[in-house]
Amino acid sequence: MTDDEFRPKLGKIGSRGSKAGKRFAGQVQAAINRAGGRSPLGGRFTGSRIGRGGAATALLKSRDRYAAFRQRRVVVKARVVKLAGKGSDGARAHLRYLQRDGVTREGEPGELYGADKDYVDGKDFLDRADGDRHQFRFIVAAEDGIEYDDLKPLTRRLMAQMQEDLSTKLDWVAVDHFNTGHPHTHIIVRGKDERGENLIIAREYISSGLRERAAELVSLDLGPRTDREIEQRLRQEMEQERFTSIDRQMLRIRDSEGLVSPSGHDAFRLTLHQGRLRKLERMGLAEEVGSGRWRLDDELEATLRRIGERSDIIKTMHRELTSKGIARSAVAYVVYDAVQNAEPVVGRVVARGLADEINDRHYLIVDGIDGKSHYIDIGKGEATEPTPDGSIVRVTPRNTEPRQVDRTIAGIAAANGGRYNVDIHLRQDPSATERFAETHVRRLEAIRRAAGGLERQPNGTWIIAPDHLDRISDYERQRAIAEPVVVEKLSSIPMEKQVGFDGATWLDRELVSNEPAALRDSGFGREVREAQTRRRQWLIAQGLAHEEQDRIVYRANMISILRQRELNRVAGQLSDELGLSYFEAKPGDRLEGKVVRLVELASGKYAVVEKSREFTLVPWRPVLDRHVGKEVSGIMSGEGISWTIGRQRSGPTVS
């Protein structure tokens, strides 16, 4: 074959070759990177400037290197959110969250505003965004934001500049929050440009360009930093145990061997670098390998960011505990790791707060019976029911292994050609009840709604893949990212009120438990010990316990008696409120009526089921959450109630 000839190698019809699924541009980019190729603007080609705003970001980066120091500092957090599927529900929930109570200076609910209106209707914005593929969410927080009486003018100027940089009109809404030490603005931008096409913003503009524009505007309003202010801030950074601008500079000036050699005519900058390197050396993150040459730890940035995050958490814990009058030493502060910590945490909720507003990640601070105070990342706010301050909770890591119900489904399907339904289950296991088999169907349905990947045929039969358990493990691991722990509320009544409470309390359950929680003689553990001593005396006075040979003996049915006392008391209060008579549901009774509301007692949650002239209280089940206000019927049994939604017998059954 001559040099100017070539022989094409054809693949199968419809084949995309070995790089199936990759766009041609992506293949070219990968080839350039593998070859060590560089973009015309320097650096490896990453595609970060593809999209609107890339050119503006390149221009901002080409300015005076010291401009960043002179500008006022602004933090911009950004997230691109897909709206397909349940994303639209998330968008509504996010908008409600932004407008919640207590976010203004006066403690009022937040109000959305736009480019030319001080109040806009969030529903109108969501209606316009119906069908959008994605939306952009930004949080803009100026370091000196406290200097602004009103953040709206700054936000509008920033969005006008953004429109100019992106060369398109933007549809956006914003709300200002003053509920933290740093006033900040939440901005939501539709993922459509002025022509109705999908809005693609360059990654570099999102990560740095918008921050630079915001800093420009704040500096214009408040004036640039003086040389003295800049020098003072940099001197403080030398000794900080977090990732700093000095670290970022040194990572940028590393040579081909990955070494840093501070040099130059700028004596102040040289002193900064040398001082910072000595600090990093003491932290074990830098090593001097020769005269004036330093090797930085490969994980320098990640390590310093983790250390800085932990420092912020400790400050948060100290602030919250101190504000509640709780004195704990710093050595008793623990940052709970749901991956490393297998032991549950039992204790009193000190505070619940927002760790990351842009990603809606919440935290709990729990004063534990182990004598320690725990900071716990509980993930998405909607994943955990409200936990009032003072309530008693048990927090456990979420199990990412397949459950027994999953193993049962996989086993039955494997023996039946990969198929599963209630009839197949009952044939395979004659000892199983229909109600038990239906719990397996609900598990499959829940996974299908949340993650997809499961096929259900029109006749109700499920197609179960051979690798079903592996898929379940992946599903549970992904779920654990959003919901890393399970928070079980043991009591909504603060411990000090439980001492003399006429009802079954958490203290009572611990007193009669065969395996009571271990209490340390320090911190909250000591407080629980003292409360249990006082509760014993109250129980003795009520005739529910007595002393016998230096020990306390409790009545066998003590918990039932206390639970019934509270139930009768609450039923009487509801009877007066509703104008209806109360009847007690007993095993074997058939119940019919409307689920009116939920009431929370010390012994647990109960549903109020109302008929025309009477009502009853029955144990609450999570499946009733979405059926409040609906007619239900069911039969009371020792195991609980098998509910039918609606009065007809053929209606959907929930347990």
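At roughly what angle do the axes of helix 9 and helix 10 cross? This is a predicted model, in which local features need pLDDT of at least 70, side-chain atom pairs count only at pLDDT 80 or more, and totals for chains, interfaces and linings use all residues. Residues are numbered from 1 along each chain as its sequence is written, and side-chain values use heavy atoms, with hydrogens and water left out.

**View 1. Helix 9 crossing helix 10.** The axes of helix 9 (residues 245-252) and helix 10 cross at roughly 100° and come within 10 Å. That makes helix 9 roughly perpendicular to helix 10 (angles of 65 to 115 degrees get that label, under 35 is roughly parallel, over 145 is roughly antiparallel, and the rest are oblique). Axes here are lines fitted to C-alpha atoms, for helices over the stretch in contact, and angles run from 0 to 180 degrees between N-to-C directions. Helices (H or I, at least four residues) and strands (E, at least two) are DSSP runs, numbered from the N terminus. On the helix 9 side, look for I246, D247, Q249 and M250; they meet R269, L272, H273, R276, L277 and L280 in helix 10. Contact means heavy atoms within 4.5 Å. Sort the residues of this contact and you get five nonpolar, two polar and three charged. For that sorting, Ala, Val, Leu, Ile, Met, Phe, Trp, Tyr, Cys and Pro count as nonpolar, Asp, Glu, Lys and Arg as charged, and the others, Gly among them, as polar.

**View 2. Helix 10 again, now with a sheet of three strands.** Helix 10 (residues 267-282) lies across strand 6 and strand 7, and runs at about 50° to strand 7. The open sheet has the order 5-7-6, with antiparallel pairing; two strands pair if DSSP finds at least two bridges between them. At the edges sit strand 5 (259-260) and strand 6 (286-290), each pairing on one side only. Strand 6 and strand 7 (residues 293-296) are joined over four bridges, in the antiparallel sense. To find your way around, spot E288, which stands opposite W294 in strand 7.

View 3. Strand 1 and strand 2 (residues 134-142) pair in the antiparallel sense over nine bridges, and V76 stands opposite V140 in strand 2.

View 4. Searching the whole structure turns up four aromatic pairs. One of them is Y113 with W172, an edge-to-face pair at 6.4 Å centre to centre and 85° between the planes. Rings of Phe, Tyr and Trp (its six-membered ring) pair if their centres lie within 6.5 Å; planes under 30 degrees apart are stacked, over 60 edge-to-face, and the rest tilted. Y113 lies in the loop between helix 4 (87-98) and helix 5 (122-128) and W172 in strand 3 (residues 172-177), so the pair ties together parts that are 59 residues apart in sequence.

**View 5. Helix 18 packing with helix 19.** Helix 18 (residues 523-541) and helix 19 (residues 558-578) pack at about 80°, their axes 13 Å apart. The two are therefore roughly perpendicular to each other. R535, W538 and L539 in helix 18 meet M558, L562 and R565 in helix 19. By class, the contact has four nonpolar, no polar and two charged residues.
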